[in-house]
Amino acid sequence: MPSTLAELQQWVDAVAAQTGASRIHWCDGSQEEYDALVGEMQEDGILLPLNHETHPGCWLHRSDPDDVARVEHLTFVCSRDPEDAGSNNHWMAPAEAHAKMDALFDGCMRGRTMYVIPYCMGPIDSPLSRCGVEITDSPYVVANMRLMTRMGADAQRRIEREGSFVKGLHSLGELDPARRFIMHFPEELTIKSYGSGYGGNALLGKKCHALRIASWQARQEGWLAEHMLIVGIENPEGQVHYIAAAFPSACGKTNLAMLIPPKAYRDKGWKVWTVGDDICWMRPGADGRLYAINPEAGYFGVAPGTGDTSNPNALATLQRDTIFTNVAVTDDNQPWWEGLDDRVPAKDWKGRDFEPGNGPAAHPNSRFTVSAKQCPSYSPHAEDPQGVPISAIVFGGRRASLVPLVFEARDWTHGVLVGASMGSETTAAATGKVGVMRRDPMAMKPFCGYNFADYFAHWLSFDQPGAKLPKIFHVNWFRKGDDGKFLWPGFGDNLRVLEWMIGRVEGKAGARDTPIGALPTAADLDLDGLSLSPEAREKLFGFERAGWAAEFESIGTYLGELGSRAPDALKREHGAIAARLAAE
Ligand code: GTP
Ligand code: SPV
Ligand code: MN
């Protein structure tokens with residue numbers, strides 16, 4: 001069903017001619033189409049059936065071992081002016097990048113099928129949603145995009161009505177890391193990705209469109225595209241506060257979005273509703289509040305660590321109709337990963353017989369792809385076209401030392417500084433060393449499609465007369481004790497921290513003022529039933545002045561490196577806190 005939109009039809013024709021694809025398949029998004037694709041992939045060995053008695057509709061995909069995570073060093077923003085991409089991005093001149101990519105794409109789909117995937121990021125009837133079309137030669141990408149987005153005929157109709165869409169061109173190529181690039185052309189609303197079949201490199205609706213291109217558009221149009229989960233917290237009175245939280249990759253977004261309250265909270269009537277687990281698009285509504293949608297329709301979640309005590313909602317979600325990527329399997333062919341249970345796996349993620357000496361059985365960045373609707377805590381308001389109103393924004397990182405469990409920013413400008421100065425230890429979600437502390441402002445270091453200096457200025461610009469902005473907080477679930485173990489139980493018990501935040505929003509909860517913001521004392525949080533050691537209490541709720549003074553020096557250096565476009569208001573805020581830290 002070729003398109004009535006000339007721009008779309010001409011682009012598809014041009015790509016078909018360039019790549020030499022033998023067949024063009026326009027995706028309609030139907031179940032029949034999905035089933036047929038899965039069948040073909042099974043025949044070709046791209047998908048392996050899992051145990052369909054325990055896991056109906058579940059499949060395993062094993063990636064090329066050199067293609068298991070995002071590749072930040074091969075990801076570029078190709079704006080006309082390098083200053084617009086900023087020092088936070090790798091940059092290449094658009095003409096050079098197009099030439100490089102065109103040379104790779106020339107003839108690359110000969111003998112293969114080219115799939116045309118129209119998709120909508122966000123509810124199909126929402127004014128906040130935006131559409132795109134991905135062309136790919138990977139049926140695995142098609143199947144994942146069907147789980148992750150609103151894909152097919154409805155999206156194509158919206159694109160034809162609106163006349164504008166993001167163009168994403170993707171090919172697996174040779175899966176050669178030396179011939180792998182993820183290029184973004186924000187001024188042309190275009191993405192070109194070659195040489196990887198993995199998640200954020202290949203499912204172009206996700207990080208490439210919904211964060212890098214969308215953040216650029218959002219700046220022009222007055223909204224925000226963020227690497228945030230969205231969760232609804234219902235108190236015993238039945239009121240729901242929605243919280244948006246930015247944690248870097250593999251730092252707890254999916255887990256917080258699907259949190260199950262501790263028993264005592266459940267008994268009192270607390271409930272948690274999942275709206276989104278990775279990406280949040282927000283804009284001010286008529287009443288001055290920020291309204292958020294989840295542009296995605298599924299979860300591409302980290303498997304390791306997902307277990308019956310950590311995230312039972314995720315486990316229930318993945319019992320059927322799920323694609324697993326790079327997990328291990330048991331001897332009866334069930335999917336398995338570290339942290340699931342104490343069974344011993346039979347085969348590791350490469351398909352070898354499991355040998356503990358070979359490292360983890362499941363790849364540390366192994367993932368599940370599944371429709372959001374299957375989550376037991378999926379919010380009845382997740383598809384509201386107007387979005388949900390946000391009461392609090394939370395920033396957080398993986399910090400073994402210094403950073404306490406939670407603190408609250410004094411106002412919006414301070415909150416933007418808290419986000420801008422976030423630090424976190426690197427994880428397996430991207431290739432490279434794990435556990436290295438780096439600045440990851442608002443968890444957007446790998447995803448902001450433009451200059452961070454302009455991004456922080458854009459954030460500051462929301463503080464306008466009449467705006468009813470959310471309060472901003474910072475959390476750290478990953479503080480460690482002298483023995484190297486986590487001091488905070490995390491997971492369900494994180495609700496104790498969210499309860500305190502809601503208390504602050506409603507003006508009910510206590511805190512003490514410190515230079516870095518308002519910190520709860522142990523008495524301000526409900527810690528009933530937890531046994532926290534004296535060391536844990538001190539480190540989770542304490543304020544370490546000398547350490548923070550050093551931290552603010554490092555933040556000052558970082559802000560200085562952003563260049564002349566960095567907003568003065570942010571530097572002034574930083575200077576005032578640094579002075580207070582020095583004086584007290
Ligand atoms: P991306 O999908 O890469 O953006 O990751 P994410 O931010 O959604 O992270 P996710 O929730 O998948 O968690 C990543 C890892 O952190 C998993 O192994 C979790 O088990 C672990 N984790 C999540 N929440 C907590 C927590 O509160 N405490 C501790 N100690 N670990 C956690
Ligand atoms: C992340 O790395 O933040 C992810 C996984 O959510 S990916 O889709 O690969 O970006
Ligand atoms: Mn993510």
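Which elements each supply at least two residues of the lining of the largest pocket? They are α8 (205–221), α9 (253–257), β18 (298–302) and β22 (367–371). The model is predicted, so local features need pLDDT of at least 70 and side-chain atom pairs count only at pLDDT 80 or more, while totals for chains, interfaces and linings use all residues. Residues are numbered from 1 along each chain as its sequence is written, chains are lettered from A and ligands numbered from 1 in the order in which they are written, and side-chain values use heavy atoms, with hydrogens and water left out.

**The largest pocket**

- The largest pocket has a volume of about 980 Å³. A pocket is an open set of points, on a 1 Å grid over the protein atoms alone, with protein on both sides within 12 Å along at least five of seven lines. Grid points are joined across faces, edges and corners, and a volume is the space filled by probe spheres set on the points.
- The pocket is lined by 47 residues, of which Ala250, Cys251, Gly252, Val302 and Arg398 are the closest to its centre. Lining residues are those with an atom within 4 Å of a point.
- Helix α9 gives the largest share of this lining, 4 residues. Helices are DSSP runs of H or I with at least four residues, strands are runs of E with at least two, and both are numbered from the N terminus.
- By class, the pocket lining has 20 nonpolar, 16 polar and 11 charged residues. Ala, Val, Leu, Ile, Met, Phe, Trp, Tyr, Cys and Pro count as nonpolar, Asp, Glu, Lys and Arg as charged, and the others, Gly among them, as polar.

**Cavities**

- The count comes to 2 cavities of 30 Å³ or more. A cavity is a set of grid points where a 1.4 Å probe fits but cannot get out.
- The largest cavity has a volume of about 160 Å³. Among its 17 lining residues, Phe407, Val418, Ser421, Trp548 and Ile555 are the closest to its centre.
- Helices α12 and α16 are the elements that give two or more residues to the lining of the largest cavity, and the largest share, 4 residues, comes from α16.
- The second largest cavity has a volume of about 30 Å³. Its lining includes Ser215, Trp223, Tyr450 and His458, and α8, β12 (224–226) and α13 each give two or more residues to it.

**Helix α16**

- Helix α16 has 17 residues, and its first and last C-alpha atoms are 24 Å apart, close to the 24 Å expected at 1.5 Å a residue. The expected span is 1.5 Å times one less than the number of residues.
- Trp548, Glu551, Phe552, Ile555, Tyr558 and Leu559 are the buried residues of α16. They fall within an arc of 115 degrees seen down the axis, so they line one face of the helix. The arc is that of the directions from the helix axis to the C-beta atoms.
- Buried means under 20% relative accessible area, exposed over 50%, and partly exposed in between (1.4 Å probe, protein chains only). On the face of α16 turned away from its buried side are the exposed residues Ala546, Glu553, Gly560 and Glu561.
- The buried residues of α16 pack against β24 (406–408), α12, β26 (437–439), α13 and α17.

**Helix α17**

- Leu570, Glu573, His574, Ile577 and Leu581 are buried in α17. They cover an arc of only 95 degrees around the axis, which puts them on the same side of α17.
- An α-helix has 3.6 residues a turn, so residues three or four places apart point the same way.
- The face of α17 turned away from its buried side carries the exposed residues Asp568, Arg572, Ala582 and Ala583.
- What covers the buried residues of α17 includes α12 (412–420), α13 (452–460) and α16 (545–561).

**Single residues**

- Leucine 525 is in the loop between β29 (517–519) and α15 (534–541), and counts as buried at 7% relative accessibility. Not counting residues up to four places away in sequence, leucine 525 touches Leu405, Arg496, Val497, Trp500, Pro520 and Phe541; contact means heavy atoms within 4.5 Å.
- Glutamine 217, in helix α8, is buried with a relative accessible area of 9%.
- Glycine 359 lies in the loop between β21 (335–336) and β22, and counts as partly exposed at 28% relative accessibility.
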